[in-house]
Amino acid sequence: MSLWIINGNVWNEENGKLEQKHIRVSDGRIAEVVDAGVIDTGSAEVIDAAGKLVSAGFIDMHVHLRDPGFEHKEDIVTGSRSAAKGGFTTIACMPNTRPVIDKPETVKYVLDKAAEAGLVKVLPYAAITKNELGRELTDFAALKEAGAIGFTDDGVGVQNAQMMKNAMALAKSLDMPVIAHCEDDSLVEGAWASEGEFSRKHGIKGIPNESEAIHVGRDVLLAEATGVHYHVCHVSTEQSVRLIRLAKSIGVSVTAEVCPHHLLLSDEDIPGLDDANWKMNPPLRTPRDVQAVIEGLEDGTLDMIVTDHAPHSAEEKARGVDLAPFGIVGFETAFPLLYTKFVATGKWTLGFLLKRMTQDPARVFRLETGRLEQGAPADLTIVDLESERAVDPSTFLSKSSNTPFGGWELKGWPVTTIVDGKIVWSE
Ligand SMILES: [Zn+2]
């Protein structure tokens with residue numbers, strides 16, 4: 001079966017311009033990309049993308065699908081639908097489910113359910129330690145064999161340095177990456193907001209930046225010692241950026257990611273103590289940290305943008321800031337947020353944003369997708385860069401709608417998402 005996407009605007013990296021192209025998709029791959037003009041599409045299905053952006057599908061290497069075990073928040077099917085609506089064609093899901101993804105059969109459960117859904121590509125991470133308790137390593141070889149793409153105890157930091165070093169050495173021997181949620185528990189102790197203006201104003205205990213950066217510092221040293229590919233999750237502090245930049249400069253195999261909310265919001269934006277949709281982990285840091293992660297992303301210290309899509313039910317989030325769980329949903333707002341605030345304002349080129357959401361995650365995790373070129377998988381996202389509307393959480397396809405971005409007027413909404421040549425979502 002053949003599909004033509006005609007008249008769409010494709011970013012040309014060489015000249016930094018959008019160019020009108022026709023794209024032919026056949027057998028799930030991009031068969032050809034030609035200059036727009038008169039064309040005979042024969043009996044093929046045709047999508048007219050005139051006036052719209054056509055990009056390689058977005059890739060999100062840090063998401064929580066909550067399945068198995070927390071299906072009241074999200075499941076693999078609804079999470080996949082939500083991702084597709086956000087323009088994502090590949091997502092990598094975290095193992096802090098119930099049971100934790102720490103056994104081959106749980107990896108297989110995720111892969112089978114995702115395949116059955118037949119929407120986006122779902123790549124499972126497996127846990128570093130059994131039940132993410134930090135006490136005993138999982139069976140890395142068996143988990144790799146089952147289809148896990150890396151190891152992480154996301155949700156918590158691995159507290160013990162020797163445990164992390166053993167994990168890295170084992171992962172290295174299997175040519176697998178270690179992905180770290182960096183957080184030293186002894187420095188956090190029950191706080192939920194960052195140490196800054198907000199915590200001072202409200203007289204609450206703050207989370208210091210060192211709680212994250214101390215693990216980054218430890219782990220880049222361990223990565224240097226073991227030679228593993230070490231990937232830092234959701235970088236949020238100036239200190240972490242500085243350490244990763246230094247480690248990269250001396251050739252340590254370290255990569256890193258940053259979330260839209262850490263690029264766009266600081267602790268000073270939190271409206272008060274009533275709304276737990278501003279509670280996430282890592283917390284919103286100071287304006288100085290926001291500036292540092294933006295600069296880190298711009299100079300390549302931080303390699304990619306991820307959403308850390310973290311659905312929670314309205315009841316859970318209504319428990320008040322102290323008791324509510326950490327996290328916000330991210331799929332359905334990520335691109336419009338970043339396009340509106342960074343590209344439409346002239347701070348970034350469109351090409352830069354697309355690269356950090358497609359090519360760069362593909363490069364870091366050695367994925368075949370992430371490129372719009374002949375021969376690549378036909379994972380494509382069509383975006384209406386002109387359409388403008390307010391974020392309405394009641395329209396989310398996710399089971400959850402915990403976001404601080406409700407009501408934000410944004411442009412650049414995805415309209416069609418294609419995975420392996422199949423339309424998986426269309427407005
Ligand atoms: Zn995390």
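How exposed is Glu373, given as a relative accessible area? Glu373 is partly exposed, with a relative accessible area of 36%, where buried means under 20%, exposed means over 50%, and partly exposed is in between, computed with a 1.4 Å probe on protein chains only.

This is a predicted model, in which local features need pLDDT of at least 70 and side-chain atom pairs count only at pLDDT 80 or more, while totals for chains, interfaces and linings use all residues. Residues are numbered from 1 along each chain as its sequence is written, and side-chain values use heavy atoms, with hydrogens and water left out.

**View A. The salt bridge of Glu373 and Arg371.** The side chains of Glu373 and Arg371 meet in a salt bridge, at 2.2 Å from N to O; the term stands for a side-chain nitrogen of Lys or Arg within 4 Å of a carboxyl oxygen of Asp or Glu. Arg371 counts as partly exposed, at 30% relative accessibility. A search of the whole structure finds 27 salt bridges. Side chains of opposite charge can pair when their charged atoms come close.

**View B. The salt bridge of Lys121 and Asp379.** The side chains of these two residues, Lys121 and Asp379, meet with 2.7 Å from N to O. The pair links distant parts of the chain, 258 residues apart, with Lys121 in strand β8 (residues 121-124) and Asp379 in the loop between α13 (359-364) and β15 (380-390); helices (H or I, at least four residues) and strands (E, at least two) are DSSP runs, numbered from the N terminus. Lys121 is partly exposed, with a relative accessible area of 23%, whereas Asp379 counts as buried at 1% relative accessibility.

View C. Asp303 forms a salt bridge with Lys248, and the closest N and O atoms are 2.9 Å apart. Because Asp303 lies in the loop between α9 (287-298) and β14 (304-305) and Lys248 lies in helix α7 (residues 238-249), the pair ties together parts that are 55 residues apart in sequence. Asp303 counts as buried, at 4% relative accessibility, while Lys248 counts as partly exposed, at 25%. Salt bridges that share partners join Lys248, Asp303, Lys355, Arg356, Asp360 and Arg363 into one network.

**View D. Helix α12.** Helix α12, which runs over residues 350-357, is mostly covered, since 7 of its 8 residues are buried. The buried residues of α12 are Leu350, Gly351, Phe352, Leu353, Leu354, Arg356 and Met357.

**View E. The nonpolar cores.** The largest nonpolar core has 94 residues, and those with the most contacts inside it are Tyr230, Leu263 and Phe335; such a core is a set of buried Ala, Val, Leu, Ile, Met, Phe, Trp, Tyr and Cys residues joined through side-chain atoms within 4.5 Å. Helix α11 (residues 334-343) gives the most to this core, with 7 residues. Domain 1 (2-53 + 377-426) and domain 2 (58-364) both give residues to this core, so it lies between them; the domain bounds come from an automatic or database domain assignment. Apart from this core lies another, of 15 residues, among them Leu3, Val25, Val54 and Ile418. In soluble globular proteins, nonpolar side chains tend to be buried together.

View F. Ala92 lies in strand β7 and counts as buried, at 0% relative accessibility. Leaving aside its neighbours within four places in sequence, Ala92 is in contact (heavy atoms within 4.5 Å) with Asp60, Met61, His62, Val63, Leu123, Tyr125 and Ile149. The C-alpha atoms of Ala92 and Trp425, which stand 333 residues apart along the chain, are separated by 19 Å.

**View G. Two cis peptide bonds.** The peptide bond from Asp67 to Pro68 is cis, with omega near 15°, and Pro68 has its place in the loop between β6 (58-63) and α1 (76-85). A cis peptide bond also joins Arg98 and Pro99, with omega about 0°, and Pro99 is placed in the loop between β7 (88-93) and α2 (104-117). Most residues other than glycine have a negative phi, and most peptide bonds are trans.

View H. Phi of Glu189 is near 40°, a positive value in a residue other than glycine. Glu189 is found in the loop between β9 (178-180) and β10 (193-194), and this residue counts as exposed at 56% relative accessibility. Phi of Asp420 is near 50°, a positive value in a residue other than glycine. Asp420 is found in the loop between β16 (409-419) and β17 (422-426) and counts as partly exposed, at 40% relative accessibility.
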